[in-house]
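Please read this briefing with the sequence and the 3D view open side by side.

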Amino acid sequence: MSIGVCYFPEHWPRERWETDAAQMADAGIEYVRLAEFSWSIIEPERGVFDFSWLDEAIEVLADHGLKVVLCTPTATPPKWLVDEHPEILQADRDGTSRHFGSRRHYCFNSPQYRTETRRIVSAMASHYADIPAVVGWQTDNEFGCHGTVRCYCEDCSAAFSEWLSERYDDIDDLNERWGTTFWSQRYRSFEAVNPPRPTPAEHHPSHLLDYYRFATDSVVDYNRLHVEILRDHGDWFITHNFMGDFETLDAHKVSDDLDLVSWDSYPTGFVQDRRSGSPSMDELRAGDPDQVGMTHDLCRATNNAPFWVMEQQPGDINWPPRCPQPGEGAMRLWAHHAVGHGADVVSYFRWRRCRQGQEQYHAGLRKQDGSADRGYVDALNAAGELDAVDPNHVDAPVALLHDYENWWAIDIQPHAPDFDYWEHHRSYYRALRSRGVQVDIVHPEASLKGYEAVVAPCLHLVDDDLAARLTDFVEGGGELLMGARSGVKTPANQLHETLAPGPLADLAGVRVEQHESFAKATDLAVKFDGDDYAYSVWGEWLAPEEATVVVAEHTVGPAAGQPAITRAERGGGSVTYCGIWPDEDLLDALVTGLLSRGDIYIGERLPAGVRLNERDGLTWVTNFTGEPRNIDVADGDLLVGGETIEPYGVAVVSGPRSAVTVR
Amino acid sequence: MSIGVCYFPEHWPRERWETDAAQMADAGIEYVRLAEFSWSIIEPERGVFDFSWLDEAIEVLADHGLKVVLCTPTATPPKWLVDEHPEILQADRDGTSRHFGSRRHYCFNSPQYRTETRRIVSAMASHYADIPAVVGWQTDNEFGCHGTVRCYCEDCSAAFSEWLSERYDDIDDLNERWGTTFWSQRYRSFEAVNPPRPTPAEHHPSHLLDYYRFATDSVVDYNRLHVEILRDHGDWFITHNFMGDFETLDAHKVSDDLDLVSWDSYPTGFVQDRRSGSPSMDELRAGDPDQVGMTHDLCRATNNAPFWVMEQQPGDINWPPRCPQPGEGAMRLWAHHAVGHGADVVSYFRWRRCRQGQEQYHAGLRKQDGSADRGYVDALNAAGELDAVDPNHVDAPVALLHDYENWWAIDIQPHAPDFDYWEHHRSYYRALRSRGVQVDIVHPEASLKGYEAVVAPCLHLVDDDLAARLTDFVEGGGELLMGARSGVKTPANQLHETLAPGPLADLAGVRVEQHESFAKATDLAVKFDGDDYAYSVWGEWLAPEEATVVVAEHTVGPAAGQPAITRAERGGGSVTYCGIWPDEDLLDALVTGLLSRGDIYIGERLPAGVRLNERDGLTWVTNFTGEPRNIDVADGDLLVGGETIEPYGVAVVSGPRSAVTVR
Amino acid sequence: MSIGVCYFPEHWPRERWETDAAQMADAGIEYVRLAEFSWSIIEPERGVFDFSWLDEAIEVLADHGLKVVLCTPTATPPKWLVDEHPEILQADRDGTSRHFGSRRHYCFNSPQYRTETRRIVSAMASHYADIPAVVGWQTDNEFGCHGTVRCYCEDCSAAFSEWLSERYDDIDDLNERWGTTFWSQRYRSFEAVNPPRPTPAEHHPSHLLDYYRFATDSVVDYNRLHVEILRDHGDWFITHNFMGDFETLDAHKVSDDLDLVSWDSYPTGFVQDRRSGSPSMDELRAGDPDQVGMTHDLCRATNNAPFWVMEQQPGDINWPPRCPQPGEGAMRLWAHHAVGHGADVVSYFRWRRCRQGQEQYHAGLRKQDGSADRGYVDALNAAGELDAVDPNHVDAPVALLHDYENWWAIDIQPHAPDFDYWEHHRSYYRALRSRGVQVDIVHPEASLKGYEAVVAPCLHLVDDDLAARLTDFVEGGGELLMGARSGVKTPANQLHETLAPGPLADLAGVRVEQHESFAKATDLAVKFDGDDYAYSVWGEWLAPEEATVVVAEHTVGPAAGQPAITRAERGGGSVTYCGIWPDEDLLDALVTGLLSRGDIYIGERLPAGVRLNERDGLTWVTNFTGEPRNIDVADGDLLVGGETIEPYGVAVVSGPRSAVTVR
């Protein structure tokens with residue numbers, strides 16, 4: 001398990017590099033990422049390349065035993081290129097260009113930009129093909145950051161028509177599957193179908209969903225272009241640094257072309273910018289372990305392999321609205337937490353606070369004057385501790401099904417402003433993690449072999465194939481917990497003709513008679529196992545088949561007396577269908593029932609902010625709160641930390657999670 | 001009194017139509033609306049018409065005794081037309097086009113689109129001229145929906161100059177009446193006057209008001225084009241389905257060309273999207289009877305005739321933020337409520353939940369699998385009950401004056417963000433309806449003959465003619481209650497040179513010395529008849545003439561001691577001028593005083609959510625709440641319902657409203 | 001001390017002018033401002049001038065002994081000019097034009113508009129060169145109003161490149177000082193640098209800051225063009241009427257070219273539209289004396305001379321959201337308050353409420369029917385009282401350093417949404433004013449000679465020169481209080497390589513180890529002098545030098561135990577560095593400490609809303625509250641008012657502020 005760092009030698013005088021490299025080595029750092037955003041100094045004018053500075057930087061680092069990960073610098077096409085070819089710029093929905101002056105201003109579908117990309121990637125790959133210190137590549141940087149997955153330019157318009165023509169038999173097939181009879185929206189050719197530009201009312205949901213798919217596929221294609229060139233030139237690994245939740249990019253699809261998945265983890269930013277509600281002070285100091293953990297588990301499970309954190313928050317950062325200092329030790333905590341979730345390398349962003357440009361308020365391991373910042377000490381500690389452990393891959397007993405297309409479909413027609421796809425999934429994930437269970441976040445098309453239980457919070461778009469696969473899983477003895485709004489739509493974003501859960505109805509043994517949506521604060525309740533529980537935002541009235549058991553019933557409003565949760569036995573397994581968004585306690589009840597039926601060990605319910613991770617015989621206990629916590633270790637040694645875990649601290653136990661009790 | 005339904009046979013297989021028609025007939029449905037949004041299947045390519053499917057659908061319906069209302073399909077020009085003539089698209093203020101992909105994307109002033117409209121309307125009208133089942137037409141659909149009354153394209157620019165040249169003697173006349181000396185805004189020709197595009201500061205209020213008038217006149221012209229062609233071809237009625245509050249379209253003007261007025265009523269949506277404040281759970285389940293009732297009364301009074309509800313909410317709907325299920329029976333309640341207000345036909349939107357496109361979350365009377373939804377049962381009940389009654393026109397003793405131009409003028413210069421024109425009018429309307437009084441919502445230019453009392457909450461734009469007509473009414477014995485901000489401006493949206501109420505000052509016997517505006521929560525009060533009452537948002541300091549009685553005085557702030565409400569006797573009647581926005585209790589006091597002076601029967605103050613409607617000797621009692629209510633019937637029979645009115649229930653009594661007491 | 005008024009004779013019939021002039025003279029008015037926005041009637045078509053109406057108006061006024069200030073009418077280019085040259089229009093960041101229809105629609109850098117400006121200003125200046133009644137000129141009107149300082153059109157693009165080429169040695173110098181290696185933003189020529197158009201992520205902070213400087217410099221150039229022509233033609237004074245806080249215009253820079261500084265003061269609007277938080281009812285009736293006072297002091301100190309209020313609020317106004325009537329006497333109070341702060345003339349906007357256009361809801365001294373409004377009585381009273389006093393210039397013992405470039409730098413990278421530059425400065429200013437101290441608001445480059453104490457709330461951009469000048473001040477015996485976020489950046493908006501306060505660190509004897517930002521409501525505290533005090537929004541952890549005294553320490557969170565405020569003795573003076581945004585009580589403690597060390601008289605802490613102003617031996621006591629206040633006068637006479645100051649009242653004492661105690 002190693003520590004890395006992101007380094008921008010071009011921001012500092014050459015005479016400093018030697019010192020930097022020595023300090024990195026002293027801290028126990030193994031990997032250094034270089035050359036992100038370096039196009040305008042690698043190729044200051046068309047065709048004139050200058051690799052000398054980068055060659056020298058790599059040499060200095062290599063001399064200190066450091067390994068180098070290079071980046072293709074395509075996230076920032078230089079000004080001379082933009083001026084020559086302004087058609088490479090992205091366009092907003094209303095046609096406004098996204099101009100030069102920050103980053104990610106290019107269109108993935110621009111033929112011209114693909115030519116330029118081939119040029120610069122080939123030049124770099126061939127130059128570094130024989131340098132042993134260069135062990136891997138990161139393609140571009142954070143595809144999709146700043147809402148850049150979806151572009152609406154003329155190149156995209158042509159590419160979209162082309163994409164549609166490959167996906168549908170003919171234009172009648174598209175008309176049929178989208179349902180364009182509605183509001184007179186029939187098309188007579190693929191060429192006539194444009195990007196979803198501004199319209200008086202909302203745009204057609206099937207059109208939108210295909211555009212979102214097309215956009216993510218455009219990134220897949222564009223990334224593949226890098227990968228193919230890099231593979232041609234060397235025997236190095238290829239990764240890309242994804243974002244938290246992957247933004248509007250389909251994580252599963254892009255990862256197929258990569259050797260390893262990596263992502264950029266900024267815990268105290270994420271609680272402010274991609275989660276509803278106000279973060280607590282603890283969360284502002286250390287983040288939400290389940291929010292971060294869910295992307296860890298998505299990254300790990302996507303390629304079913306260890307992953308990297310390519311950028312780990314090093315201290316205070318610039319982009320959330322507010323920036324309290326992280327809690328004492330938080331930078332070490334995050335590294336351990338990542339490894340517990342299956343990371344093999346945690347690489348801090350960045351070596352030193354930058355004096356220039358947009359990220360001056362973003363800390364590094366060193367301050368801008370070169371002195372050690374709080375993160376440096378934490379990184380050094382983490383490096384030492386993690387160097388001593390070497391677990392294999394995480395083996396999770398539960399799969400949680402997650403699909404970007406479902407998110408987009410819900411997002412296109414939320415019908416409930418508070419029905420946030422991620423929050424909804426996170427609430428099920430949180431219930432599992434509160435019981436210390438390791439969870440794989442997998443695509444519905446992934447193999448379910450080896451999982452004792454599957455949680456599917458919202459399989460919104462469902463076809464017969466998926467229904468058949470889930471039926472196989474359950475009939476083969478699997479336990480399935482299915483959430484509200486499942487089986488509502490065809491993959492084309494049309495309603496199924498049968499009532500929800502559509503193709504899943506036979507499996508679940510239930511039909512949805514009615515649905516309702518509510519403001520978050522509305523008083524809503526069900527009776528489950530004799531007790532009253534609250535729910536919020538979404539409610540369904542269920543009509544169970546005869547053999548299906550009613551597990552919970554509505555008690556409020558016109559829904560009173562209607563079934564809300566049901567369970568049906570199917571072969572060796574069973575299916576629970578939950579037609580509401582349950583509160584925390586009801587979710588715990590549902591999840592422990594599921595685990596119990598799946599014969600999975602159920603630990604005590606963990607306090608908020610404290611989490612367990614078992615990985616190959618080791619157990620991490622991480623404390624994301626400002627209060628100390630005590631643990632009892634029934635079996636195994638404390639490899640890191642003691643029985644009292646300090647605020648924002650960690651313990652590592654050589655034993656299974658069942659050996660650890662948090663008091 | 002009949003029930004109808006909106007039907008889209010083109011969304012379903014032909015083999016289903018027979019079943020649908022039979023089920024409609026079984027439910028007691030009499031009218032079926034067809035062919036809205038059907039252009040792209042009626043004319044799939046230019047000049048190639050296919051009426052076969054519609055012919056067959058009409059035949060199937062006619063075979064079951066159903067009558068058909070057809071729609072001109074112009075709300076959705078097909079893609080091939082837009083691609084041929086992109087200049088027909090609407091433009092936003094900043095010039096951004098409103099593209100194809102939803103509906104209402106055409107400009108009312110496009111000469112090209114008017115040509116296309118003539119083509120398609122003529123083709124349909126001549127094709128169906130001799131089909132007896134076709135009894136009427138709806139022009140287009142919901143003019144103005146999605147903010148589409150006002151377009152800012154080049155065609156509109158030319159049409160606006162032309163419109164101005166017809167309205168003003170010459171450009172000097174415009175300069176004088178607008179007042180363009182201010183900020184150097186003089187024009188030298190009508191051609192130089194453009195649509196109100198984005199400007200650094202707010203645009204000229206007289207320019208804006210004329211643009212809003214021009215926009216509504218453009219719709220009038222465009223609608224008339226349909227009407228003239230339809231009248232040429234057959235002896236059928238012609239209507240248009242207006243929106244709640246008619247959006248930014250002048251209801252009175254468009255209605256002049258129609259045989260009957262109809263509108264689309266969605267009670268649980270309206271409380272969420274066109275009213276300030278948070279709706280109560282009762283309102284989310286059944287709507288606000290006065291919000292819906294006010295558009296009913298506007299539609300009825302506009303053409304002084306019974307109206308239709310062309311689209312009645314059938315269950316849960318897609319477009320408000322949130323959608324709790326309507327209360328049990330609410331779909332029946334709404335039909336009765338509409339008839340009590342003067343509707344002759346209530347037509348549900350729509351037969352069956354649609355699987356395609358933007359409105360998948362909008363219920364129908366049948367679910368998408370064809371089974372009966374909650375609304376079907378309600379519709380069937382309503383059909384049976386309403387078939388048994390046959391009242392004539394509603395005869396209202398009170399007129400409430402309402403003018404779109406006044407709304408727009410207030411909207412252009414609100415001077416008080418909480419001074420909502422509709423809310424302000426609704427508060428006076430609510431006070432009248434709380435006493436069970438039937439109210440006509442009429443234009444200030446309408447005849448006031450036959451009314452005992454007139455309420456004019458805000459006659460903002462006033463000229464001498466209007467002042468003379470109101471003076472005649474009062475001197476002839478009428479009772480007038482006038483609200484704040486009356487008589488402030490000329491019809492050109494300039495201040496009168498005399499103090500408000502300007503030309504109405506002699507009639508009211510009062511001048512406004514000062515005005516103030518406040519945040520809603522500010523503590524404000526007046527003393528009226530010895531008691532303290534609260535008011536909000538707007539306050540005036542009045543200077544009464546000697547003979548004018550001060551009815552209420554301010555008690556707070558620098559206004560303390562200043563008159564706030566006055567009354568002047570004039571001939572046989574009197575004029576009350578109210579310079580504040582009174583709270584509910586003070587409004588009740590003002591309104592009961594008015595009714596009393598007008599010798600109109602004053603019932604007990606009704607509980608919130610319970611309303612009475614008297615129509616031609618019958619009285620409807622409607623309960624929009626989740627609690628049962630009891631009534632005493634002093635005289636007459638209970639035709640529908642019993643003495644206990646269930647939640648969301650209704651009773652119909654054969655007797656006047658004075659015979660009914662709600663306990 | 002005189003009263004003036006703004007007059008638009010063109011809005012009224014010529015036969016009225018005589019009456020107006022007589023009423024002005026009767027009220028004691030001395031100055032009348034004319035001809036703002038008059039271009040389209042002075043030059044109704046190109047080259048055809050009509051001065052007759054203005055000649056006559058000036059004659060009528062002069063006959064009554066009134067002096068005239070004329071305006072160049074360039075804020076409103078007429079429609080014929082815009083139609084001939086649409087390229088003069090401003091453009092938004094995304095390229096949308098700001099069209100004709102309001103005001104300020106021209107670009108400062110348009111070569112064509114500069115030509116037109118020369119034409120009209122020359123024509124007016126030569127026409128009025130020999131009219132003795134014309135004593136001065138106002139250039140244009142409110143540069144920057146409605147966000148118009150910054151334009152993004154093609155003319156600006158060219159002018160910006162030119163401006164950069166004059167500021168930087170060559171493009172490498174720009175690349176170095178901006179730091180364009182970050183995100184590959186290097187430029188190869190000045191021509192390649194564009195205005196900061198919309199970009200996917202935020203724009204480069206150095207680029208933005210230079211664009212803001214360029215924009216303000218464009219106004220300076222444009223204003224100078226007026227000034228030069230006017231100076232060529234006559235011996236009259238030249239001023240410009242600035243806005244409250246000057247919007248995004250650098251007050252210091254534009255003022256250099258003017259003979260006197262004037263500004264437009266609207267107290268009850270400013271509390272609503274340029275201050276965070278909800279205004280109190282007192283503030284809605286009379287404004288915030290420190291908000292208004294701070295612009296008074298900025299105007300006075302900028303040219304170190306008495307200033308004018310060119311537009312004084314006359315009653316209720318149109319542009320804030322809400323408009324309660326000003327408190328009784330408030331219009332008189334504001335005139336006195338301005339004079340106490342150093343105004344020599346207070347000119348009310350405007351003579352009479354205008355019937356036309358955008359400002360119909362804006363009162364004048366007379367109503368639209370010509371009768372006296374509330375402000376007329378107040379103006380008349382103020383004129384009489386102020387005519388009797390004739391103080392010289394204000395002599396302030398304390399300078400508060402304020403720099404627009406620092407504001408913009410903070411605004412570009414706030415890193416704390418609640419860190420409002422103006423609010424932060426105002427909190428220090430308020431602490432000083434609460435102790436009755438007169439304060440000069442001066443630019444950091446201004447001479448500090450004669451000040452006993454200097455307060456620098458946020459010297460964000462600092463170079464060595466500034467550090468040296470402050471060091472000289474302190475070593476020469478001056479007392480300096482420096483606030484958070486000082487010395488962070490170079491003038492190019494790059495981080496200094498040394499830790500903050502960068503070049504000021506040696507002077508302050510302290511380095512900033514860490515910074516944190518928080519939501520406003522967060523619980524934060526320090527211990528100062530044994531007591532606990534709250535702070536908010538921003539916190540720094542300080543590392544003092546050995547000789548530096550720790551004055552306050554953090555007590556909460558990871559900052560606990562870290563120094564928060566320090567003091568270092570330097571030569572004859574001392575420097576207090578305050579790394580937090582202190583609450584009101586702690587600011588009072590800091591400020592009284594500073595005053596005490598500077599041997600400045602410290603009065604009792606004044607109640608909120610009551611302020612003292614000493615000017616040349618006279619002391620004004622102003623009461624901005626709705627409660628009466630009593631004063632004791634130890635020494636001197638009451639020239640205006642008595643010992644009880646009525647609500648919204650004033651007293652003037654012939655004596656120093658130390659002679660007055662407010663009870």
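In this predicted model, strand β22 of chain C, made of residues 629-633, pairs with β26(C) in the antiparallel sense. Three bridges join the two strands. Strands of a sheet pair through backbone hydrogen bonds, and the pairing may be parallel or antiparallel.

**The sheet in chain C**

- Asp632(C) stands opposite Thr661(C), which lies in β26(C).
- The open sheet has three strands, and their order in chain C is β24-β22-β26.
- Its edge strands are β24 (644-645) and β26 (660-662) of chain C, each of which pairs on one side only.

**How chains B and C are related**

- Chain C is superposed on chain B by a rotation of 120 degrees, with 0.0 Å of shift along the axis and an RMSD of 0.0 Å.
- The two copies are therefore related as by a three-fold rotation axis.
- In chain C, the C-alpha nearest that axis belongs to Thr96(C), at 5.8 Å.

**The interface of chain B and chain A**

- Chain B brings 53 residues to this contact, and chain A brings 51 residues.
- About 4,500 Å² is buried between chain B and chain A, with 55% of it on carbon and sulfur atoms.
- Arg355(B), Gln358(B) and Tyr361(B) supply 18% of the area that chain B buries against chain A, more than any other three residues.
- Five salt bridges cross the interface of chain B and chain A.
- One salt bridge links Arg285(B) and Glu516(A), whose closest N and O atoms are 2.9 Å apart.
- Between chain B and chain A, 31 residue pairs are in polar contact.
- The elements of chain B that give two or more residues to the side touching chain A are α2 (39-42), α4 (79-84), β5 (97-98) and α11 (281-286).
- That side of chain B has 15 nonpolar, 19 polar and 19 charged residues.

**The interface of chain C and chain B**

- Here 53 residues of chain C are in contact with 51 residues of chain B.
- Chain C and chain B bury about 4,500 Å² between them, and 55% of this is on carbon and sulfur atoms.
- Five salt bridges are found across the interface of chain C and chain B.
- Arg352(C) forms a salt bridge with Glu497(B), and their closest N and O atoms are 3.2 Å apart.
- On the side of chain C that touches chain B, α2 (39-42), α4 (79-84) and α11 (281-286) of chain C are the elements giving two or more residues.

Note on methods. Residues are numbered from 1 along each chain as its sequence is written. Chains are lettered from A and ligands numbered from 1 in the order in which they are written. This is a predicted model: local features need pLDDT of at least 70, side-chain atom pairs count only at pLDDT 80 or more; totals for chains, interfaces and linings use all residues. Side-chain values use heavy atoms; hydrogens and water are left out. Copies are superposed by least squares on the C-alpha atoms of residues with pLDDT of at least 70 in both. Two strands pair if DSSP finds at least two bridges between them. Helices (H or I, at least four residues) and strands (E, at least two) are DSSP runs, numbered from the N terminus. Contact means heavy atoms within 4.5 Å. Buried area is the accessible area (1.4 Å probe) that two parts lose on being put together, summed over both. A salt bridge is a side-chain nitrogen of Lys or Arg within 4 Å of a carboxyl oxygen of Asp or Glu. A polar contact is a pair of N or O atoms within 3.5 Å; within protein, one must be able to donate a hydrogen and the other to accept it, and residues adjacent in sequence count only if both atoms are side-chain atoms. Ala, Val, Leu, Ile, Met, Phe, Trp, Tyr, Cys and Pro count as nonpolar, Asp, Glu, Lys and Arg as charged, and the others, Gly among them, as polar.
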